[in-house]
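Keep the viewer open and follow along as we go.

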Amino acid sequence: MGDKIVIENRTDADKTALRGEGLSPREIVAELDKYIVGQKKAKRAVAVALRNRVRRLKLDPDMREDITPKNILMIGPTGVGKTEIARRLAKLVLSPFIKVEATKYTEVGYVGRDVESMIRDLAAVGFQMVKQEMQEKVKVEAEKRAEEALLDLLLPGKKNRETKPKPSSMVRPFSINNPGEPGIMGAAIQVGIPIFKHSANSENPPQAEAVPEAAEAGPSKETVEKDRSTREKLRAMLREGKLEDRTVEISVSQTPQLPGMDMMAGMGDFGTSISELVSVLGGTQKNKVLSVKRAREVLINEEAEKLIDWDRVSDEARQRVEETGIVFIDEIDKIAVKGQRGGPDVSREGVQRDILPIVEGATVNTKWGPVNTSHILFIAAGAFNISKPSDLIPELQGRFPLRVELDSLGEEEFLQILTEPKNALTKQYVGLLATEGIQINFSPDAIKRLAALAADVNSRLENIGARRLHTIMEALLEELSFEAPDIAPAVISVTPEYVDEKLAGIVKDQDLGRYIL
């Protein structure tokens, strides 16, 4: 199975980059086999590319910088697993991953998204990953703080007694004759000189009478003990879930939204600057009445954000994106120029020129800091049924040294897809209809019949690969899915006769257009 990578004398950043990538190429392929049928060449290529990143991080820093990832170009018809391989690979190693379509980008000077936005989007994915991990680390402490905040909200009387401001000990001097003006009597009171009450007609000598302090005594000991006892009772009820439906009023932070922020998201650096300005301005506080259950979630999130070191989150997210990020560029064949210039292809070569420096290695400014793309793994894919890889500009071709051709899927592969993967289609539909009380039993012969029909239709119509199975399965179970709530509970056996009955007319007319996803 190959030796495992042993992380020794590594920095925290290196350990983060190596996390989840201690698998040998053979083990990576075995994990991908659980979800993707066939395509051994493509799986081996991505497994080696992933392993090389681990090997690179074990080298000295000086040599490490000179080793760049070997980007991969996948060539094959739609529906054969190109996107799924990249997506499962990213989940396997917990790497920041983003799938983009080359057709969404335009050359500088045209209306559309610039290619640097793919790196900003990848940085956002990395930031969210690190943020969630940090929140998990402080979750216990955040829950404790949220519980105390909830108890304060459920005991407003105690909170008011504790937070009631004490009167100021400073008294403004005032005049006996004119209270609005300062005078000797007021000054005497301020400095604490006793005041003597004396009347000219009084025979008694003047007596000193101290002016009482303008202060209010705090809660009594009995009140404090009663509040503590009530708080502990509420705490027990809160932990037992007996107060989930009670409502409380909390103050929630809201970030101001400027008009057209969605439009600004695609405006590159300008849109990023506007977003940063909004975050700097801060949000407003709005009072909301929520149930205890919902208020607990809000308070836990707020307390967790207070406990997180955001500078560390940004630094680690940026480092993770640079060292382990994966960008999957789909439909790259759609921007390949087929020899002619002008017309609808006017910006396609420009998009290639703009993508080139990103793939070669450039620094892209993001709201979390500059991201260097030199060691990000790029996986491009396309059917190339109209154009061919040689239609790409030579420089871009050179940046994808590994080329893998994916095989078309036939009846045997369809049979495996329907039964073997963890997320097999038959298992998905069994689970979906089980929620309605419908039990479906697929016979082996029925599954073979479905695979044969999918292969036959793909050979006579447009070859859409494994997506044809979605077409077949939806057509097969459409009526049952519609009537499930009315006929439940029921047990349905799917046999070859059942398949022929439901699909005979559709296959005969060769019209599956309305079912194609």
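Is phenylalanine 127 buried or exposed? Phenylalanine 127 has 10% relative accessibility, so it counts as buried; here buried means under 20% relative accessible area, exposed over 50%, and partly exposed in between, using a 1.4 Å probe and protein chains only. Before we go further, please keep in mind that this is a predicted model, in which local features need pLDDT of at least 70 and side-chain atom pairs count only at pLDDT 80 or more, while totals for chains, interfaces and linings use all residues. Residues are numbered from 1 along each chain as its sequence is written, and side-chain values use heavy atoms, leaving out hydrogens and water.

The structure holds two of them, where rings of Phe, Tyr and Trp (its six-membered ring) pair if their centres lie within 6.5 Å, and planes under 30 degrees apart count as stacked, over 60 as edge-to-face and the rest as tilted. Helices (H or I, at least four residues) and strands (E, at least two) are DSSP runs, numbered from the N terminus. Tryptophan 310 counts as partly exposed because its relative accessibility is 31%.

Phenylalanine 127 also pairs with tryptophan 368: the ring centres are 5.0 Å apart and the planes lie at 25°, so this pair is stacked. Tryptophan 368 belongs to the loop between β8 (363-366) and β9 (369-372), 241 residues from phenylalanine 127. Both phenylalanine 127 and tryptophan 368 are buried. Through these ring pairs, Phe127, Trp310 and Trp368 are linked into a cluster.

Now move along to the helix packing. Helix α18 (residues 425-434) packs with helix α20 (residues 467-487) at an angle of about 15°, their axes 12 Å apart. Axes are lines fitted to C-alpha atoms, for helices over the stretch in contact, and angles run from 0 to 180 degrees between N-to-C directions. The two helices α18 and α20 are therefore roughly parallel, given that angles under 35 degrees count as roughly parallel, over 145 as roughly antiparallel, 65 to 115 as roughly perpendicular and the rest as oblique. The residues of this contact between α18 and α20 divide into eight nonpolar, three polar and one charged; Ala, Val, Leu, Ile, Met, Phe, Trp, Tyr, Cys and Pro count as nonpolar, Asp, Glu, Lys and Arg as charged, and the others, Gly among them, as polar.

Helix α19 (residues 444-460) also packs with α20, at about 120° and with the axes 9 Å apart. That angle makes α19 oblique to α20. Leu450, Ala454, Val457 and Asn458 of α19 meet Arg468, Leu469, Ile472, Met473 and Leu476 of α20, where contact means heavy atoms within 4.5 Å.

Finally, some backbone details. The peptide bond from alanine 488 to proline 489 is cis, with omega near -5°, and proline 489 lies in the loop between α20 and β13 (490-494). Glutamine 39, a residue other than glycine, has a positive phi near 55°. Glutamine 39 is found in the loop between α2 (25-33) and α3 (40-57).
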